[in-house]
Amino acid sequence: DMPIVLLSLVDDKRQFFKSKVGVDVNETPVEYAVCYHAILSQQELFEVPDLREDERFKDNPLVTEDPKLVSYFGVPLKNSDGISFGTLCVISKDKPKILNDRQKVILKKLAKQVIHLLELRKQNFELKRYQEEIAYYSSQMEEFAHTAAHDLRAPLRAIKSFLQLIEMKREDHLDEKERKYFQFINTNVDTMNQLIVDLLDYAKSDSKIDEKETIELNAFMEQIFHNLVEHHHSSDSNLVLKIMPTIYYSKLALHIIFYNLIDNALRYRSQDRTLEVKISYKSDLFHYYFEVEDNGIGIASEYYDTIFKPFKRLHTKSEYAGSGLGLATVKKIIQKLGGAIAVKSVLGKGTTFLITIPKE
């Protein structure tokens, strides 16, 4: 029932009306601010029944002239650190008015709501700024990864080329020990090259996965499998696919996920049997579900968490090649999509990865 209500923010020079009803001005000098006294009082509710009779305010231009303030009731606003920064106040003009106990309680509750909304706005602002920083650093990291990958792979290619030239030139003069030396160097160059590629994939998993396109899943899986079979020279490997639909999704994300899972199946195959990789699919209203099953060497249950950590390996490089980044990249990109990955395995018999990813 008051004609004037103000959400006033106060600093050392002025009071600024963040929100207002009943007055035309947007700010006043701090020496005219009744709200400043409300803050200094440290009272839960600062009350001045008649500003015209109070020694502190009777000569205030806001009291003696327009808008001719009379009765003041203000609740100091405090931030989470306990620092008062303004008030929520109601003011009468021309004649005194009072607030009953119920109105005072309401004013205090409204002040708490104002503080909550201001803090929420501040947090939203900080969150937006943080997200912008993350996006900036992510793009910087991807650009760095691309540049580093290009600059690191170029000398590796040169090293490998010159090694091959030297090896060819001395082919008839190499003894067994020297041949092993060349083989060792070539293997390590290939390993370094693959590590750079995997690091680039790991960096890319933070960006560009929102770019979607139409994907015919069966042809998509078959292409990845056949490319990897050629890479590993594993002609005695079979892919079993259930009929899958065409979907609209991130091709980059799906390629990284299934490339690494199929690559793992080929890499950790059993030497006692033909490798068989089965990929199945189902969906509901909100999710796609995939299972990638192999009949490889399997994983002991105590290592189910370890295999998804960067650079964590269960075997030596002499046993099985790899950088230790493949499954870490898969998990990272699935989590970024808002999905989940789980594993079940029987040591010596095979492994199944269960993937859930959202449709949108």
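I took helices (H or I, at least four residues) and strands (E, at least two) as DSSP runs, numbered from the N terminus. The model is predicted, so I kept local features at pLDDT of at least 70 and side-chain atom pairs at pLDDT 80 or more, while totals for chains, interfaces and linings use all residues. Residues are numbered from 1 along each chain as its sequence is written, and side-chain values use heavy atoms, without hydrogens and water.

**Helix H3**

I looked up Tyr130 and found it in helix H3 (residues 101-169). Tyr130 forms a nonpolar surface patch with Leu127 and Ile134, with about 300 Å² of accessible area together. Patch residues have over 30% relative accessible area and no salt bridge; like charges are joined within 9 Å, nonpolar side chains (Val, Leu, Ile, Met, Phe, Trp, Tyr) within 5 Å. Areas are Shrake-Rupley with a 1.4 Å probe, and for residues only the protein chains shown count as cover.

Next I checked salt bridges (a side-chain nitrogen of Lys or Arg within 4 Å of a carboxyl oxygen of Asp or Glu). The count is 12. One of them pairs Lys108 with Glu44, with the closest N and O atoms 3.7 Å apart. Lys108 is in H3 and Glu44 in the loop between helix H1 (34-41) and strand E4 (46-48), so the pair ties together parts 64 residues apart in sequence.

**Helix packing**

I fitted axes as lines to C-alpha atoms, for helices over the stretch in contact; angles run from 0 to 180 degrees between N-to-C directions. Helix H5 (residues 217-232) packs on helix H6 (residues 251-267) at about 45°, with axes 10 Å apart. H5 and H6 are therefore oblique. Under 35 degrees counts as roughly parallel, over 145 as roughly antiparallel, 65 to 115 as roughly perpendicular, and the rest as oblique. Contacts (heavy atoms within 4.5 Å) include Phe220 and Ile224 on the H5 side, and Phe258 and Ile262 on the H6 side.

H6 also meets helix H7 (residues 326-337): their axes come within 9 Å and cross at roughly 150°. H6 and H7 are therefore roughly antiparallel. Among the residues in contact are Ile257 and Leu261 in H6, and Val330 and Ile333 in H7.

**Loop between H2 and E5**

I found a cis peptide bond between Asp66 and Pro67, with omega about 10°. Pro67 sits in the loop between helix H2 (61-64) and strand E5 (69-78). Lys68 lies in the loop between H2 and E5, and its phi is positive, near 55°. Most residues other than glycine have a negative phi, and most peptide bonds are trans.
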